[in-house]
Amino acid sequence: MAKERGEKVVATNRRARHDYLIEDTYEAGMVLSGTEVKSLREGRASLVDGYAFVDAGEAWLDAVHIPEYTEGTWNNHAPRRKRKLLLHKQEIVKISHKTSQGGYTLVPMKIYFHDGRAKVEIAVAKGKREFDKRQALREKTDKREAERAMRSRNRLGE
């Protein structure tokens, strides 16, 4: 079998950019069981309630839903179990210092396969307040309306 090349995105957390200000992102490997990998290869995962944390010098991913593999047997995995993240020690120290400052959290952004290996992108993020979210939405709609106006203006000039 030929080795996989490139990147195949399995799941993204689109809500995270709305709810958090993203400061840093890290790519981490995950310790998975065989049925979890097979379920991910089918493109089934959800990052909605997921979060990451550092405990005793190790990074963990929790509450990420990887459904049971349909062809699996009695030794199938638990859908929402804690999964160990594979990061360099310096990255774990940086992340733990940042999150211990307060107001910061670790949010999974996407799960993907990079050259056949399952990876997760985690971000050090700060929660947005309600008015920040409204401001971001307002800026987005203003930008969209300005682009529409410029497009229609360019069409009239032709």
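This is a predicted model: local features need pLDDT of at least 70, side-chain atom pairs count only at pLDDT 80 or more; totals for chains, interfaces and linings use all residues.

Colleague: What volume does the largest pocket have, and which residues are closest to its centre?

Modeller: The volume is about 230 Å³. There are 16 lining residues, and Asn13, Arg15, Ala16, Leu47 and Val48 lie closest to the centre. Two elements each give two or more residues to the lining, helix H1 (14-19) and strand E6 (104-114). The largest share, 4 residues, is from H1.

Colleague: Now the helix H3. How do you know that its length agrees with what it should span?

Modeller: Helix H3 covers residues 89-100, which is 12 residues. The expected span is 1.5 Å times one less than the number of residues, so H3 should span 16 Å. Its end C-alpha atoms are 16 Å apart, and therefore the two values agree. Just after H3 comes Gly102, with a positive phi of about 100 degrees.

Colleague: Why is strand E7 called largely enclosed?

Modeller: A residue is buried when its relative accessible area is under 20%. In E7 (residues 117-127), 8 of the 11 residues are buried, so the strand is largely enclosed by the rest of the structure.

Colleague: What makes E2 and E7 a pair?

Modeller: Pairing needs at least two bridges. Strand E2 (residues 20-30) and E7 have 9 bridges, in the antiparallel sense, so they pass that cut-off. As an example, Tyr20 stands opposite Gly127 in E7.

Colleague: And how many bridges join E6 to E7?

Modeller: These antiparallel strands are joined by 10 bridges. E6 and E7 form a hairpin with 2 residues between them, and Asp115 in the turn has a positive phi of about 55 degrees.

Colleague: Last one: why is Arg83 called buried?

Modeller: Arg83 sits in strand E5 (residues 83-86). Its relative accessible area is 0%, and the cut-off for buried is under 20%, so Arg83 is buried.

Colleague: Which backbone oxygens lie 3.0 Å from a polar atom of the Arg83 side chain?

Modeller: One belongs to Val64, and another belongs to Arg81. A polar contact has a limit of 3.5 Å, and each of these distances is 3.0 Å.

Technical notes:
Residues are numbered from 1 along each chain as its sequence is written. Side-chain values use heavy atoms; hydrogens and water are left out. On a 1 Å grid over the protein atoms alone, a cavity is a set of points where a 1.4 Å probe fits but cannot get out, and a pocket is an open set with protein on both sides within 12 Å along at least five of seven lines; lining residues have an atom within 4 Å of a point. Grid points are joined across faces, edges and corners, and a volume is the space filled by probe spheres set on the points. Buried means under 20% relative accessible area, exposed over 50%, partly exposed in between (1.4 Å probe, protein chains only). A polar contact is a pair of N or O atoms within 3.5 Å; within protein, one must be able to donate a hydrogen and the other to accept it, and residues adjacent in sequence count only if both atoms are side-chain atoms.
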